[in-house]
Amino acid sequence: MKFLFGVEALCLACFVLLSQVSAKNSEDIRCKCICPPYRDVEGQIYKQNVSLKDCTCLHVVVPMPVDGKDVEAYCLRCECKYEERSSGTIKVTIIIYLSILGLLLLYMVYLTLLEPMLKRRLFGHSQLIQNDDDVDQQPFANAHNVLSRSHSRPNMLNKVEHAQQRWRRQVQEQRKSVFDRHVVLS
C-alpha cells in the first residue's frame, strides 16, 4: 500500500515537471561572449539571455567597455557562443536518480533492521545465538520445526523461507561432498 502511494507520488511529480518543460525557461538559453583583453580593458566573460539571432557582441556586451571607433575592433576579438540546455530533462533525471537512491536506502534499512527481527520471530531467538561450531555441526536443527509451523499459516514469507532452507540444505550437501568426500557434483 505504501509502495503504491510512493509510485503514484513519483508519477505525479514527473507529470508536473514534464508539463513545466514544455515552456522554455529563460535560463535554458543564453549567449556567452568571451572577450580577451583589449588595450587598457581587461578580458571579461559576458552572459545574456537572448535569442540565437541576437547572439552577437553588440547585443550581449553591456555596458560596452570601449567607445566609438574601437567598438568594432573590440567585438571582432570577442567569441560569442549560443548555449541551450533542457532544465526539465535535468530535473527529471535528478528525480529518477534520487528515487532509485531512496529505494536502495529503504532496502538497506530493511536488510539491516527488519530482516533480523523477522528471522528472530520466525526461527526463534535460540537459533540466532548459536555460535559457529554449533552451526557447522547442526546448521538446520530447528528448520523442520519451523517449516512444520509455517505450513499452518501459508504466506509469501514462509514460501521464501522454505525455498531458502532447501537451497541451504543443497549447499551444505555439496560442501560435504566436495570437502569431506572429495567428490565434485556435476
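Mentor: Helices (H or I, at least four residues) and strands (E, at least two) are DSSP runs, numbered from the N terminus. This is a predicted model, in which local features need pLDDT of at least 70 and side-chain atom pairs count only at pLDDT 80 or more, while totals for chains, interfaces and linings use all residues. Residues are numbered from 1 along each chain as its sequence is written, and side-chain values use heavy atoms, leaving out hydrogens and water.

Trainee: Where do Y107 and Y110 lie?

Mentor: Both belong to helix α4 (residues 87-123), three residues apart, about one turn of the helix.

Trainee: How many aromatic pairs does a search of the whole structure find?

Mentor: Rings of Phe, Tyr and Trp (its six-membered ring) pair if their centres lie within 6.5 Å; planes under 30 degrees apart are stacked, over 60 edge-to-face, and the rest tilted. The search finds two pairs. Y38 and Y74 are edge-to-face, at 5.9 Å centre to centre with 70° between the planes. This pair links distant parts of the chain, 36 residues apart: Y38 is in the loop between β1 and β2 (44-48), and Y74 is in helix α3. Y107 and Y110 are stacked, with 6.4 Å between centres and 25° between planes.

Trainee: Are Y38 and Y74 buried or exposed?

Mentor: Buried means under 20% relative accessible area, exposed over 50%, and partly exposed in between (1.4 Å probe, protein chains only). Y38 and Y74 are both buried. Y107 is partly exposed because its relative accessible area is 47%.

Trainee: Which residues touch the most other members of the largest nonpolar core?

Mentor: A nonpolar core is a set of buried Ala, Val, Leu, Ile, Met, Phe, Trp, Tyr and Cys residues joined through side-chain atoms within 4.5 Å. Among the 16 residues here, they are C33, C35, Y46, V61 and Y74.
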